[in-house]
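Student: Please show me the sequence and the structure, and then we can go through the model by question and answer.

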Amino acid sequence: MKAVVFHGPGEKSWEQVNDPKLERTEDAIVRITTSTICGTDLHILKGDVPEVRPGTVLGHEAVGIVEEVGGSVTNLQRGDRVLLPAITADGRCDFCRVGMYSHCRHGGWLFGHRIDGLQAQYARAPYADTSLYKVPDELTDEQVLFLADILPTAFECGVLNGQVKPGDTVAIVGAGPIGLAAVLLSRLFSPALIVAIDLDESRLERARQFGADLTLQSTGDGEGVKARLMELTDGGVDVAMEAVGVPATFELCTELVKPGGRVANLGVHGSAASLHLEHLWAHNITITTRLVDTITIPQLLKLIQAKRFDPTRFATHHFRLDEALAAYDVFARAGETGALKVVLTQ
Ligand SMILES: NC(=O)c1ccc[n+]([C@@H]2O[C@H](COP(=O)([O-])OP(=O)(O)OC[C@H]3O[C@@H](n4cnc5c(N)ncnc54)[C@H](O)[C@@H]3O)[C@@H](O)[C@H]2O)c1
Ligand SMILES: [Zn+2]
């Protein structure tokens, strides 16, 4: 088969590799029909995720058709169309039993990280019964594809951890695919005001399309944004979501919440951020962090079936899977190309 293979920082290729085979009785082999690229794949290519070994197939979000199942798989059979999410769950360990699939003792983030991923013609999916989700016939691959990562990330790490409530004021810092998904999914809880903050005006335009009531262009340190938000909200927001992953935006979020507020961190951080406890100790704030568990996939799937939101709005570009390298180029130059998510089909 062919796949996108990581060859160390800055190096990837679309090349011939061995077909995946069943290795354990809980595995399934899936023929990938639709896949996509994540900002995290770009981080891997920059060398920010050193545990990814050269030779690993990239990708952790896909939909496909089950080709073959191992002897102990009971929920799936050949021909089933399934969602392959970023997180694999054995369904049995102590973390899985409390819904924390991201920390599964035998699973977690495996695809395109610890094992071969999903930007490929075929993939081996471990713990298939408890990790894959059958796709309802009436939904297209593209309608469910973003359930693999961005939608549950925004929902679990942002909206649920931030405890968005009717009437709340919500600030979302970073309007990339994850921040935009947080805008879209916060609206399910009827906040009174959603403010999106980004450096890039074209991302803010998207945020308005996705349902932000107000957008503020930041210059980086967020000082102007902070002054404007304080004015608008009488001293701070109820919920601030960090959807960038740099110290400045985390620190900004802690300054944007009013006493009693919640800071929900979504961003993946590579360096230390300051926490000003000398100001915050008396403010009754809550700070949450989380790696996406993807445990809300069934819930979000029902909302998509009920047409409560349209997930295909994230798909700005379409390519064939064998054009994956061109798709990477478009995705990596999102500032020029306007890319949010690129869809790869075969
Ligand atoms: N917690 C999890 O499980 C999880 C899962 C997936 C992704 N993530 C992380 O979520 C974050 C967002 O992902 P994404 O794909 O939307 O990223 P992205 O890079 O596409 O978008 C980030 C946005 O932040 C904006 N930005 C950058 N610096 C800024 C600043 N100083 N102030 C305001 N805006 C700024 C950029 O213009 C961009 O629009 C990343 O850190 C990603 O790694 C976390
Ligand atoms: Zn587990």
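Tutor: A residue is buried if 20 or more other C-beta atoms, placed from the backbone, lie within 10 Å of its own. Helices (H or I, at least four residues) and strands (E, at least two) are DSSP runs, numbered from the N terminus. This is a predicted model, where local features need pLDDT of at least 70, side-chain atom pairs count only at pLDDT 80 or more, and totals for chains, interfaces and linings use all residues. Residues are numbered from 1 along each chain as its sequence is written, while chains are lettered from A and ligands numbered from 1 in the order in which they are written.

Student: Against which elements do the buried residues of H6 pack?

Tutor: The buried residues include Pro177, Leu180 and Ser186. Contact requires C-beta atoms, placed from the backbone, within 7 Å. On that basis the buried residues of H6 pack against H5, E10 (169–173), E11, H7 (201–210), E13 (237–242) and E17 (341–345).

Student: Which element supplies the largest share of the shell around ligand 1?

Tutor: The shell has 31 residues, the closest being Gly39, Gly174, Gly176, Gly245 and Val268; a residue is counted if its C-beta atom, placed from the backbone, lies within 6 Å of the ligand. The largest share, 3 residues, comes from H6.

Student: In what order do the 6 strands of the open sheet run?

Tutor: Strands pair if DSSP finds at least two bridges between them. E11 and E12 run parallel and are joined by 4 bridges, with Asp198 opposite Gln217 in E12. The edge strands, each pairing on one side only, are E12 (214–217) and E15 (286–288). The pairing in the sheet is parallel, and the order is E12-E11-E10-E13-E14-E15.

Student: How many residues of domain 1 are in contact with domain 2?

Tutor: Domain 1 covers 2–148 + 293–345 and domain 2 covers 152–288, with bounds from an automatic or database domain assignment. Their C-alpha centres lie 28 Å apart. On the domain 2 side 11 residues take part, and on the domain 1 side the number is 15.

Technical notes: Two residues are in contact if their C-beta atoms, placed from the backbone, lie within 7 Å. A residue is buried if 20 or more other C-beta atoms lie within 10 Å of its own, exposed if 12 or fewer, and partly exposed in between; C-beta atoms are placed from the backbone.
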